Amino acid sequence: MVRACVVRPLLALCVVGTSPLVLAAEGGVGRPITGLQVFSNAGVVPPEPGWVMSLTSFWYDGDLKGNVQVPIAGALSTGVDMKVSYTIANFTHVWDTGKGPWNYASSIGVPVQYTDVSASVTGPRGRTLGTEDTGTQFADALITPIAAGYHFDEVNHLSLSLPIYVPTGAYNEDRLANPGQNNYTFMPTAAFTHLDGKGGEFTLMSSLEFYTENNATDYRNGNIFTLDALWTHGFGNGWSAGMAAGYIQQVTDDSGSGANSGFRGRSVGAGPAVGWQGKFADAQANLSARWVPEFDTKNRPEGNGFSVNLTLAFF
């Protein structure tokens with residue numbers, strides 16, 4: 001039996017795919033931030049029915065190095081510098097599926113994003129000017145219709161999910177600081193978690209992002225592959241610490257006006273992570289934070305990513 005074995009039943013899809021970035025591959029980036037996709041217990045869908053709520057904040061500060069031109073909002077841009085603060089509240093329902101190794105859940109996430117972007121934009125007649133834009137607005141909602149979790153045994157768990165970004169966020173083709181990306185993004189995701197029984201874990205999480213066309217700019221982003229890992233060691237009293245690492249690779253070319261064939265982005269990063277788990281009122285709580293500096297990028301901004309997450313499970 002595995003129904004009583006999940007020591008930390010905090011849901012995988014609570015924060016899956018919640019990385020924000022304002023600029024899609026259309027801006028040389030994409031939705032993922034290096035090393036911030038994976039999270040504690042990503043492979044575990046809780047065996048008990050109930051509700052899981054999470055609040056996650058991301059901060060990213062990076063710039064695109066070199067004289068590289070990328071299309072943003074229908075114009076060619078260089079010298080891209082961005083600061084993004086993104087907070088998403090997720091609400092997840094774990095379905096009552098009875099006894100057995102499989103469990104299922106669904107969720108919805110509502111994000112708010114602050115964006116500060118500066119770039120040198122080349123207009124349709126070749127005129128170049130320095131441009132900066134800032135804004136705080138709702139970003140694209142994140143819906144996960146279904147997440148399926150399988151428990152191999154008491155310590156090894158797998159989750160399969162299909163998070164979908166829907167274009168509900170603010171978007172204006174005449175602005176740089178767009179929290180919405182004006183496309184649907186489908187992200188089939190798989191995660192595996194091994195619990196060491198002492199408060200630590202090893203988790204691998206991977207997804208492939210498929211973007212629909214931005215009909216305001218007639219631009220379609222290439223597909224993006226992500227692979228993230230989280231390793232932590234338990235120190236007692238609910239505390240743990242370790243490392244988070246991430247790899248992002250664009251695997252197909254962009255298409256549309258201004259698309260650069262072969263302009264496929266890549267990034268690698270790794271950094272420290274710390275977490276705490278325990279009881280908070282009547283809920284099982286998980287609090288975590290991490291810093292992931294990028295150290296190997298190509299055709300993507302390079303910078304630092306930070307995240308803080310609070311998850312409460314009510315069963």
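**Reading the labels: burial, pairs and patches**

Colleague: Why is S307 called buried?

Modeller: S307 has a relative accessibility of 11%, and buried means under 20% relative accessible area, exposed over 50% and partly exposed in between, with a 1.4 Å probe and protein chains only, so S307 counts as buried. This is a predicted model, in which local features need pLDDT of at least 70 and side-chain atom pairs count only at pLDDT 80 or more, while totals for chains, interfaces and linings use all residues. Residues are numbered from 1 along each chain as its sequence is written, and side-chain values use heavy atoms, with hydrogens and water left out.

Colleague: Where does S307 lie, and which residues does S307 touch?

Modeller: S307 sits in strand β18, residues 302–314, where strands (E, at least two residues) and helices (H or I, at least four) are DSSP runs numbered from the N terminus. Leaving aside residues up to four places away in sequence, S307 touches L36, S57, F58, S288, A289 and R290, a contact being heavy atoms within 4.5 Å.

Colleague: How many helices and strands does the protein have, and what share of its residues is buried?

Modeller: The protein comes to zero helices and 18 strands, and buried residues make up 54% of its 315 residues.

Colleague: What makes R31 and D140 a salt bridge?

Modeller: The closest N and O atoms of R31 and D140 are 3.0 Å apart, and a salt bridge requires a side-chain nitrogen of Lys or Arg within 4 Å of a carboxyl oxygen of Asp or Glu, so the pair qualifies. The pair links distant parts of the chain, with R31 in the segment before β1 and D140 in the loop between β5 (128–138) and β6 (141–151), 109 residues apart. Both R31 and D140 are buried.

Colleague: How do you know that R31 also lies over the face of Y165?

Modeller: R31 is at 4.1 Å from the ring centre of Y165, and a charge sits over a ring if NZ of Lys or CZ of Arg is within 6 Å of the ring centre and within 35 degrees of the ring normal, so R31 is listed as lying over that face.

Colleague: Which strands does the salt bridge of D296 and R266 tie together?

Modeller: The closest N and O atoms of D296 and R266 are 3.0 Å apart. D296 lies in strand β17 (residues 283–298) and R266 in strand β16, so the bridge ties together parts that are 30 residues apart in sequence. At 31%, D296 is partly exposed, and R266, at 24%, is partly exposed too.

Colleague: Why is the aromatic pair of Y184 and F186 called stacked?

Modeller: Eight aromatic pairs are found in the whole structure. In the pair of Y184 and F186, the centres are 6.5 Å apart and the planes are 20 degrees apart; rings of Phe, Tyr and Trp (its six-membered ring) pair if their centres lie within 6.5 Å, and planes under 30 degrees apart count as stacked, over 60 as edge-to-face and the rest as tilted, so this pair is stacked. Y184 is partly exposed at 39%, as is F186 at 33%.

Colleague: Which element gives the most to the nonpolar patch?

Modeller: The patch, of about 770 Å², is made by W51, M53, F91, I108, V110, V112, F138, I143 and F314. The elements giving two or more residues are β1 (50–63) and β4 (102–122), and β4 gives the most, with three. Patch residues have over 30% relative accessible area and no salt bridge, with like charges joined within 9 Å and nonpolar side chains (Val, Leu, Ile, Met, Phe, Trp, Tyr) within 5 Å; M53, in strand β1, has 33% and is partly exposed.

Note on methods. Areas by Shrake-Rupley, 256 points an atom, 1.4 Å probe, with all protein chains shown as cover.
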